[in-house]
Amino acid sequence: MLDVSSQSPSWVPTVDMLVGGKNGAYVLNIVEVFDTSNQKWKMVTSISTNRHDLGVGVLNNRLYVVGGADGKCALKSVEYYDPTLDTWTPVAEMSVSRQGVGVGVLDGLMYAIGNYNGKDLKSVEVYIPSDGVWSSVADMHFSRIWPVAALDGLLYVMGGEESESVVDTVEIYNPITNTWTLEPFSRNEERVYGGVVIDKPPYYT
């Protein structure tokens, strides 16, 4: 979420940004930002590739769009938005195409997790911005798409889908040991499409 109300745009929890997606049968490349100073949406520079089912992550005050699909095939391309320059810049591609990719940012690194590219994936790779490259890390126990959250130095992949079936487990990634831990996650066969982490103040009960 991008605050464009000041001369130095920054990412804060009070601004919404919409990137790509679909309008009926049409895959989009347009990008809109909600400006909190006037409570209105405005257009910014479009992404270079039409895409939907993409992943997004904020790293070093840049919004990265990861993978997705262009209406014909899954994508492995990645680009980032610089809010100061209102520009999109491509970076290194992932090793494989990922549609519906889960993205998590942890300790200055960005992880692309699982998804689908004609087959379900349980592979994971990490983007190291200082090197500008993607590297493989340990696979998950199960292939799945979507929900990822970062909390207390760990990545949580919650539920999701595998071959159109609901997954009722949580996988927890520890980057120090490069291992995944499997935990139960009972949602009564409901699909989970997203998750958020709420940092509660110490006085909150």
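The following legends describe close-up views of a predicted model.

**Figure 1. Overview of the predicted chain.** The chain comprises 205 residues, of which 41% count as buried. Its secondary structure consists of 19 strands and zero helices. Among the contacts in the chain with a separation of 6 or more, 40% are accounted for by residues 24 or more positions apart.

**Figure 2. Confidence along the chain.** The chain has a mean pLDDT of 83, and 77% of its residues reach 70 or more. Among its elements, the highest mean pLDDT, 97, belongs to strand β13 (residues 133-137), and the lowest, 50, to strand β1 (residues 2-3). Where pLDDT is low, the predicted coordinates should not be read in detail.

**Figure 3. The hairpin of β4 and β5.** Strand β4 (residues 26-35) runs antiparallel to strand β5 (residues 40-44), and five bridges join the two. Within this pairing, Phe34 stands opposite Trp41 in β5. Four residues lie between the strands of the hairpin, and Gln39 in the turn has a positive phi of about 60 degrees.

**Figure 4. The open sheet β6-β7-β8-β9.** This sheet is formed by four strands in the order β6-β7-β8-β9, with antiparallel pairing. Strands β6 (55-59) and β9 (87-91) are at the edges; each has a single partner strand, so one side of each is left without a neighbour in the sheet. On average, neighbouring strands of this sheet are turned by 25 degrees against each other, direction ignored. The antiparallel strands β6 and β7 are joined by five bridges, and Gly55 stands opposite Val66 in β7.

**Figure 5. The surroundings of Val78.** Residues up to four places away in sequence are not counted in this view. With that exclusion, Val78 touches Tyr64, Val65 and Val66, together with Thr89, Pro90, Val91, Ala92, Met94 and Trp134.

**Figure 6. The open sheet β10-β11-β12-β13.** Four strands in the order β10-β11-β12-β13 form an open sheet in which the pairing is antiparallel. The edges are taken by β10 (102-106) and β13, each with a single partner strand, so one side of each is left without a neighbour in the sheet. Neighbouring strands of this sheet are turned against each other by 25 degrees on average, direction ignored. Strand β11 pairs with strand β12 (residues 120-128) in the antiparallel sense over six bridges.

**Figure 7. Tyr111 and its contacts.** Tyr111 lies in strand β11, and its bridge partner in β12 is Val126. Tyr111 counts as buried because its relative accessibility is 4%, below the 20% cut-off. Not counting residues up to four places away in sequence, Tyr111 touches Gly102, Val103, Gly104, Leu106, Val124, Glu125, Val126, Leu155, Tyr173 and Pro175. From C-alpha to C-alpha, Tyr111 and Val66 are 9.9 Å apart in space, and the two are 45 residues apart in sequence.

**Figure 8. Strand β18 and its two partners.** Strand β18 (residues 169-174) is mostly covered, with five of its six residues buried. Strand β15 (residues 154-158) pairs with β18 in the antiparallel sense over four bridges, and Met158 stands opposite Val170 in β18. Strand β19 (residues 179-184) also pairs with β18 in the antiparallel sense, over six bridges. Asn174 has Thr179 as its bridge partner in β19. The hairpin of β18 and β19 has four residues between the strands, and Asn178 takes a positive phi near 55 degrees.

Technical notes: Residues are numbered from 1 along each chain as its sequence is written. This is a predicted model: local features need pLDDT of at least 70, side-chain atom pairs count only at pLDDT 80 or more; totals for chains, interfaces and linings use all residues. Side-chain values use heavy atoms; hydrogens and water are left out. Buried means under 20% relative accessible area, exposed over 50%, partly exposed in between (1.4 Å probe, protein chains only). Two strands pair if DSSP finds at least two bridges between them. pLDDT is the predictor's confidence in each residue, from 0 to 100. Contact means heavy atoms within 4.5 Å. Axes are lines fitted to C-alpha atoms, for helices over the stretch in contact, and angles run from 0 to 180 degrees between N-to-C directions.
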